[in-house]
Amino acid sequence: MNWGTRTLIGLVAAVSAATTAPAVADSSKFASETVAACQSAIDLVTVTDNLIKIGWTHAVPAELDDRAIKSFAASLLSEQFGYGDVADPRIVRTWELALKNAAGTRNLVTFEGTEQKDRWFVKLQTGSVLRISTDEYNTYSQLRCLIALKDEDSPVTFERLLGGSGRDPATLPPVYRLRSQSYESNGLKRVLNSAVLNTERISTVSDIGIDVSSIFSTYVTKQAENSK
């Protein structure tokens, strides 16, 4: 078990402990394995192989179905809001714009024989989506995974976070961010950011419902040899 798996388990331990439902255990395992795969290396080939082994399917942008597009839109939505509350009209506008921008992903063109810096993956059974992006700079290289997990795949939901508190989701912010985690070893720096979406609030104020419960962003960074 690597650091990414331990971190994710720690983030959802309290929620998972509150229920013995097999679906929760399965989704926690899948999410943990996904984070671990994304943090396993900084090269695209290794990470791709590890993701395929645990049930992700490689896809090209033009093949993303409506479920995957909606999942990707949710990941964009999570990046637009901070830690505080947001007015309902802004939630609606941001969600509609995220859906529009996500749909444009299908128009991205890949050229055979060229090095691809981005790769897309889907969970065929549910429509969860994962995007890998890589960057090379003078001083460092970086691999990022942006993971949007549907309710069925998510280790935590906003409803389970609330538990029996009696709090009304309609009175709470659309995004709840968990504390960022980071770790360095063997020349690599790894970062995990996590957010839980208040799907009830977003779905209630919008005509278009949302069924993505959690968003994870992982980063693996390696400093260039000549910059050390």
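# Chatting through a fold

Reader: Hi! I'm starting with Lys189. What is its bridge partner in strand 7?

Author: Good place to start! Lys189 has Thr221 as its bridge partner in strand 7. Keep in mind that this is a predicted model.

Reader: How many bridges hold strand 6 and strand 7 together, and do they run parallel or antiparallel?

Author: Strand 6 and strand 7 are antiparallel and pair over nine bridges. Further along, Asn193 stands opposite Ser217 of strand 7.

Reader: Which strand does strand 4 pair with?

Author: Strand 4 is joined to strand 7 by eleven bridges, and the two run antiparallel.

Reader: What about strand 5 and strand 6, how do they run?

Author: Antiparallel, with nine bridges joining strand 5 to strand 6. Ser185 has Leu188 in strand 6 as its bridge partner. The hairpin made by these strands has two residues between them, and Asn186 takes a positive phi near 50° there.

Reader: Where does Ser182 sit, and is it buried or exposed?

Author: Ser182 belongs to strand 5, residues 175-185. Its relative accessible area is 52%, so it counts as exposed, the cut-off being over 50%.

Reader: Let me zoom out. How many helices and strands are there?

Author: The protein chain has seven helices and seven strands. Starting at the N terminus, the order is α-α-α-β-α-α-β-β-β-α-β-β-α-β.

Reader: What share of the chain is buried?

Author: 46% of its 228 residues count as buried. As for contacts with a separation of 6 or more, 69% are between residues 24 or more positions apart.

Reader: New topic: which residues have the most contacts inside the largest nonpolar core?

Author: Those are Leu64, Phe72, Trp95, Val129, Leu197 and Ile210, in a core of 28 residues. At least two core residues each come from helix 4, helix 5, strand 2, strand 4, strand 6 and strand 7. The largest share is from helix 4, with seven residues.

Reader: Why would nonpolar side chains end up together?

Author: In soluble globular proteins, nonpolar side chains tend to be buried together.

Reader: Which residues does Val129 contact, leaving out its neighbours within four places?

Author: Val129 is in contact with several, including Trp56, Ala68, Phe72, Trp120, Leu146 and Ile147. Apart from the core we discussed there is another one, of 19 residues, and Cys38, Leu130, Ile147 and Leu192 are among them.

Reader: Back to helices. How far does helix 5 reach?

Author: Helix 5 has 16 residues and reaches 23 Å from first C-alpha to last, close to the expected 22 Å. Its buried residues are Ile91, Val92, Thr94, Trp95, Ala98, Leu99 and Ala102. They pack against helix 4 and helix 7.

Reader: How many aromatic pairs are there?

Author: There are three aromatic pairs. In one of them, the ring centres of Phe72 and Trp120 are 4.8 Å apart and the planes are at 80°, so this pair is edge-to-face. It links distant parts of the chain, with Phe72 in helix 4 and Trp120 in strand 2, 48 residues apart. Both Phe72 and Trp120 are buried.

Reader: What kind of pair do Tyr137 and Tyr140 form?

Author: A tilted one, with 4.8 Å centre to centre and 35° between the planes. Tyr137 is partly exposed, at 43% relative accessible area, and Tyr140 is partly exposed at 30%.

Reader: Last one! Which residue lies over the face of Phe30?

Author: That's Lys123, at 4.0 Å from the ring centre of Phe30. Happy exploring!

Terms used
Residues are numbered from 1 along each chain as its sequence is written. This is a predicted model: local features need pLDDT of at least 70, side-chain atom pairs count only at pLDDT 80 or more; totals for chains, interfaces and linings use all residues. Side-chain values use heavy atoms; hydrogens and water are left out. A nonpolar core is a set of buried Ala, Val, Leu, Ile, Met, Phe, Trp, Tyr and Cys residues joined through side-chain atoms within 4.5 Å. Buried means under 20% relative accessible area, exposed over 50%, partly exposed in between (1.4 Å probe, protein chains only). Helices (H or I, at least four residues) and strands (E, at least two) are DSSP runs, numbered from the N terminus. Contact means heavy atoms within 4.5 Å. Rings of Phe, Tyr and Trp (its six-membered ring) pair if their centres lie within 6.5 Å; planes under 30 degrees apart count as stacked, over 60 as edge-to-face and the rest as tilted. A charge sits over a ring if NZ of Lys or CZ of Arg is within 6 Å of the ring centre and within 35 degrees of the ring normal. The expected span of a helix is 1.5 Å times one less than its number of residues. Two strands pair if DSSP finds at least two bridges between them.
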